[in-house]
Amino acid sequence: MWKFLNILLAGTPEQIDVQKVINVIKGEDGINDIHDLLIWTITSGFIARSCRTYGGW
């Protein structure tokens, strides 16, 4: 039941370590910071991610 509600409410999947995702994205060359990170399940087994990244020149 909880999994269904989490999908319905566009919650972050419980198996996702959000801090690890942040660290991986920030570890890419040219990425200084990220904002507005959203991770949600579109359907069972299909996870989406959206964020803004900021880089230096």
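A salt bridge here is a side-chain nitrogen of Lys or Arg within 4 Å of a carboxyl oxygen of Asp or Glu. Keep that in mind as you click around this predicted model; by that rule, the count comes to two salt bridges.

**Whole chain**

Start with a cartoon view of the protein chain. Of the 57 residues, 18% count as buried. As for contacts between residues at least 6 apart in sequence, 32% join residues at least 24 apart.

**First salt bridge**

Now select Lys26 and Asp33 and show their side chains. They meet in a salt bridge, with 3.7 Å from N to O. How covered are the two partners? Lys26 has 36% relative accessibility, so it counts as partly exposed. Asp33 is partly exposed too, with a relative accessible area of 27%.

Move on to Arg52 and Asp36. Their side chains form a salt bridge as well, at 3.4 Å from N to O. This pair links distant parts of the chain: Arg52 sits in strand S2 (residues 46-55), Asp36 in strand S1 (residues 31-43), and they are 16 residues apart. Check the accessibility here: Arg52 comes out at 48%, which makes it partly exposed, and Asp36 is also partly exposed, at 49%.

**The hairpin**

Stay with the strands and hide the side chains. S1 and S2 run antiparallel, and nine bridges join them. For one of these pairings, select Ile39: its bridge partner in S2 is Arg49. While you have the strands up, remember that side chains in a regular strand alternate between the two faces of the sheet. Then slide along to the turn. The hairpin has two residues between its strands, and Gly45 takes a positive phi near 85° there.

For the last stop, head back towards the helices. Where is Pro13? Look in the loop between helix H1 (2-8) and helix H2 (18-26). Is Pro13 buried or exposed? Buried: its relative accessible area is 4%, and the cut-off for that class is under 20%.

Methods:
Residues numbered from 1 in each chain as written. Predicted model: local features only at pLDDT ≥ 70, side-chain atom pairs only at ≥ 80, totals over all residues. Heavy atoms only, no water. Buried < 20%, exposed > 50% of the residue type's maximum accessible area, 1.4 Å probe, protein only. Helix = DSSP H or I, 4+ residues; strand = E, 2+ residues; numbered from the N terminus. Pairing = 2+ DSSP bridges. Contact = heavy atoms within 4.5 Å.
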